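Trainee: Could you take me closely through one part of this model, the open sheet and the helices that pack on it, and begin with the surface of the whole protein?

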Amino acid sequence: MQQDTLWQAVLGEIELSVSRGNFITWFKNTSLVSQDDGTIVIGVNNIFVKQSLEKKYSDMLGAVLKKNGISVENIEYKIVASQSPARVSHQEKPVSVGVSGISPSGSDFDQEDSPAAGSSVLSHSYGQGINSRYSFDNFVVGDGNELAFAACQSIAIQPGKKYNPLFLYGGVGIGKTHLIQAVGNAIKTNNPKSKVLYISTEQFVREFVQALRNRTTAAFASYYRAADVLIVDDIQFIAGKDKMQEEFFHTFNTLHQANKQIIMSSDKPPKEIQTLEARLQSRFAGGMTIDMQIPDFETRCAIIETKAQDHGTSIEADVIEYLATNINTNIRELEGALNQLMAWCEMRGLDPTLDIASSLLNINKSRPKHLSSKQVIEKTARHFQLPIDDIVGPKRDKDIVVPRQVAMYLLRNELHLSFPKIAKELGRKDHTTAIHSVEKIQKEIQLDPSLRTAVSDIKESLYA
Ligand code: ADP
Ligand code: MG
């Protein structure tokens with residue numbers, strides 16, 4: 001009991017020094033197992049929490065323990081059966097929102113929530129389009145998505161007050177829709193009357209075109225301009241649609257001036273959305289712009305673990321690590337692979353093993369027969385306007401090194417060549433160069449939209 005009190009004190013302190021999301025993901029379900037002779041044993045739910053704590057938080061834990069009068073020489077982590085297997089149970093209240101005591105001021109939300117309020121003739125109602133499956137609770141937080149998570153939580157507590165607009169951007173399948181819908185769900189939970197409007201840009205454009213055709217643009221405008229919270233997903237699709245941009249500009253201004261929260265997601269930052277009017281570009285970037293990235297390895301493992309648990313399946317750590325290593329750009333794909341694996345095993349009454357996982361993934365990864373290494377190198381060289389001899393040669397200038405690394409990345413990801421083979425194809429002796437290059441490009445693609453575009457252009461030319 002005393003240990004328990006001590007641990008609660010330690011957790012209380014940690015809670016103040018890490019983000020809410022990180023606390024929930026990595027600390028909430030830990031316990032103090034034993035404490036003896038300078039060694040403290042902390043109980044964790046799974047291997048990924050263990051790895052993450054070891055790697056990222058041991059120093060901080062040591063310091064907090066010391067502050068609480070315990071000096072430890074050694075912190076150990078032990079996997080103990082979880083008290084609440086559904087760590088991210090959907091029944092739990094949304095994290096911090098509503099329990100913090102701060103809730104959005106009622107006055108912002110006291111309008112009637114009638115479907116198609118005002119003179120709108122639109123067939124859907126506020127709140128429609130938000131999927132209750134997406135919550136803060138079942139969003140695993142780690143490097144890559146932490147900032148976006150924190151901003152979204154903060155908005156859920158006080159919509160329209162701080163980050164307005166919020167502009168989230170990043171690659172496909174990394175959790176943008178999940179997070180922005182989680183904001184909508186949390187606000188609705190806190191304030192059932194609030195008019196939370198979530199819409200994909202495609203639907204937004206479709207409705208607008210219909211309104212133009214039916215001469216009901218006034219109703220369209222008043223419907224959207226009466227929202228308390230407007231969440232627009234994949235706003236990049238507004239590019240090139242002049243009339244829609246004009247309409248959205250006015251909707252945006254009306255809401256923004258009334259301190260109504262606006263949230264947008266996109267696959268690229270505002271300034272890179274081609275043919276987006278300058279005035280919209282500056283409006284979009286006028287609040288908080290966050291670059292979301294694929295979560296790091298430990299977090300990807302924790303996501304798989306969580307999803308498998310939700311499904312009632314337990315999967316061995318080696319299998320989880322295999323999935324998280326091999327699928328490292330897209331959480332949707334990671335989820336897809338996991339579902340495929342679970343379904344395959346369920347049908348046959350087998351437990352998922354590394355062999356099964358690797359054979360299933362290899363099916364997807366079978367090398368495209370029509371592509372050769374030579375073609376990959378050629379197309380890469382052509383894209384960067386370099387002679388092939390430079391790419392496979394000894395030069396180390398930056399404008400040659402990066403294309404060379406891109407070629408390695410593509411050989412790995414498109415042809416699934418081994419690292420020694422990749423090194424050989426590019427005239428390198430040491431295969432660790434290939435490993436570093438592939439990892440580097442993998443990372444930079446997340447950070448650098450122009451590199452992302454270059455890689456996708458080359459891929460397009462390969463498969464054209
Ligand atoms: P995006 O909108 O960026 O393309 P989504 O939000 O649709 O991506 O995410 C793809 C899938 O991955 C969804 O099923 C989502 O629930 C899941 N996902 C992404 N990130 C996380 C995370 N950090 N924790 C749990 N699930 C996640
Ligand atoms: Mg999305």
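Mentor: The accessible surface of this predicted model comes to about 21,800 Å², of which carbon and sulfur atoms supply 50%. Buried residues, those under 20% relative accessible area, account for 50% of the 464 residues in the protein, and the fold as a whole has 19 helices and 8 strands. When contacts between residues at least 6 apart in sequence are considered, 75% of them join residues at least 24 apart.

Turning to the part you asked about, the open sheet consists of 3 strands in the order S1-S2-S3, and its pairing is mixed. Strand S1 (31–36) and strand S3 (74–79) stand at the edges and have a single partner strand each, so that one side of each is left without a neighbour in the sheet. On average, neighbouring strands of this sheet are turned by 25 degrees against each other, if direction is ignored.

Strand S2, which covers residues 39–44, pairs with S3 in the parallel sense over 6 bridges, and within this part of the model Gly 43 stands opposite Lys 78 in S3. Helix H1 (residues 2–17) packs on the sheet, where it touches S1 and S2, and its direction makes about 115 degrees with that of S1. Helix H3 (residues 47–67) also packs on the sheet, but the strands that H3 touches are S2 and S3, and the direction of H3 makes about 145 degrees with that of S3.

Conventions:
Residues are numbered from 1 along each chain as its sequence is written. Chains are lettered from A and ligands numbered from 1 in the order in which they are written. This is a predicted model: local features need pLDDT of at least 70, side-chain atom pairs count only at pLDDT 80 or more; totals for chains, interfaces and linings use all residues. Side-chain values use heavy atoms; hydrogens and water are left out. Two strands pair if DSSP finds at least two bridges between them. Helices (H or I, at least four residues) and strands (E, at least two) are DSSP runs, numbered from the N terminus. Axes are lines fitted to C-alpha atoms, for helices over the stretch in contact, and angles run from 0 to 180 degrees between N-to-C directions. Contact means heavy atoms within 4.5 Å. Buried means under 20% relative accessible area, exposed over 50%, partly exposed in between (1.4 Å probe, protein chains only). Accessible areas come from the Shrake-Rupley method with a 1.4 Å probe; for residues, only the protein chains shown count as cover.
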